[in-house]
Amino acid sequence: MTNLRIGHGYDVHRLTQGRKLILGGVEIPYERGLLGHSDADVLVHAVMDALTGAARLGDIGKLFPDTDPQYAGISSLKLLSEVGRLLGEQGFAVVNIDATLLAQAPKVGPYRREMERNMAAALGVEAEQINVKATTEEGLGFTGDGSGMAAHAVALVEKTT
């Protein structure tokens, strides 16, 4: 049996007025934010699902249900830290994470390295183990028309114990 496992994560949230836009744990100036039970950090949510998938821990809906009031408005980085703790309990270590944000606006290039550092700190890994990319969808679909954002992530973990 191999010691390496891959997981894929995907998340989507609607953009709405009256919410802060938090991506990768970074508050980004924008006229709208993402709607959700927690801080709705679509990027971190995709990363968490990739990690939980790789370690066969289910998904974030199972671990942190949106029906539980303790998660209302919580920082997704706190939830990511908990995912990291669960990975460690199961004997897994993060090898690397590659994540892609799909959004027409705003431009997030200037914030990518800070996002990587935030997620790395939450997981207790080096920032070089995490890569964040962003792309528009050329005006197509719900991300292209600006009504929402989505993110994909792929994680490689290694069974260490």
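## Surface and charge

Accessible areas here come from the Shrake-Rupley method with a 1.4 Å probe, and for residues only the protein chains shown count as cover. By that method, the protein chain exposes about 7900 Å². Carbon and sulfur atoms supply 51% of this area.

The model is predicted: local features need pLDDT of at least 70, side-chain atom pairs count only at pLDDT 80 or more, and totals for chains, interfaces and linings use all residues. Residues are numbered from 1 along each chain as its sequence is written, and side-chain values use heavy atoms, with hydrogens and water left out.

The protein chain carries 15 positive and 20 negative side chains. Lys and Arg count as positive, Asp and Glu as negative; His and the chain ends are not counted. Each charge is placed at NZ of Lys, CZ of Arg, CG of Asp or CD of Glu. The centres of the two sets lie 1 Å apart.

## Overall fold

The protein chain has 5 helices and 7 strands. Both are DSSP runs, numbered from the N terminus: helices are H or I with at least four residues, strands are E with at least two. Along the sequence, the order is β-β-β-β-α-α-α-β-α-β-α-β.

A compact globule of 161 residues would have a radius of gyration near 15 Å, and the protein chain agrees, with 15 Å. This radius is taken over C-alpha atoms, and the globule rule is 2.2 Å times the number of residues to the power 0.38. The C-alpha trace spans about 45 × 35 × 25 Å along its principal axes.

Of the 161 residues, 47% count as buried. Buried means under 20% relative accessible area, exposed means over 50%, and partly exposed lies in between (1.4 Å probe, protein chains only). Contact means heavy atoms within 4.5 Å. Among contacts between residues at least 6 apart in sequence, 71% join residues at least 24 apart.

## Helix α1 and its flanks

Helix α1 covers residues 42-54, which makes 13 residues. From first C-alpha to last, α1 reaches 19 Å, close to the 18 Å expected at 1.5 Å a residue. The expected span is 1.5 Å times one less than the number of residues. In α1, 12 of the 13 residues are buried, so the helix is largely enclosed by the rest of the structure. Among them are Leu43, His45, Met48 and Asp49.

Ala40 sits in the loop between β4 (33-34) and α1. Its phi is positive, about 65 degrees, although Ala40 is not a glycine. Ala40 is buried, at 0% relative accessible area. Arg56 follows α1, in the loop between α1 and α2 (60-63). Arg56 is not a glycine either, and its phi is positive, near 60 degrees. Arg56 is exposed, with a relative accessible area of 71%.

## Strand β6

Val132 is found in strand β6. Val132 counts as buried, at 1% relative accessibility. Beyond its neighbours within four places in sequence, Val132 is in contact with several residues, including Leu43, Ala99 and Met115.

Thr135 also belongs to β6 (residues 130-135). Thr135 is partly exposed, at 36% relative accessible area. With neighbours within four places in sequence left aside, Thr135 is in contact with Thr100, Leu101, Leu102 and Ala103. Thr135 and Ala105 are 30 residues apart in sequence and 9.4 Å apart in space, C-alpha to C-alpha.

## A cis bond

Ala105 is joined to Pro106 by a cis peptide bond, with omega about 0 degrees. Pro106 lies in the loop between β5 (92-102) and α4 (112-123).
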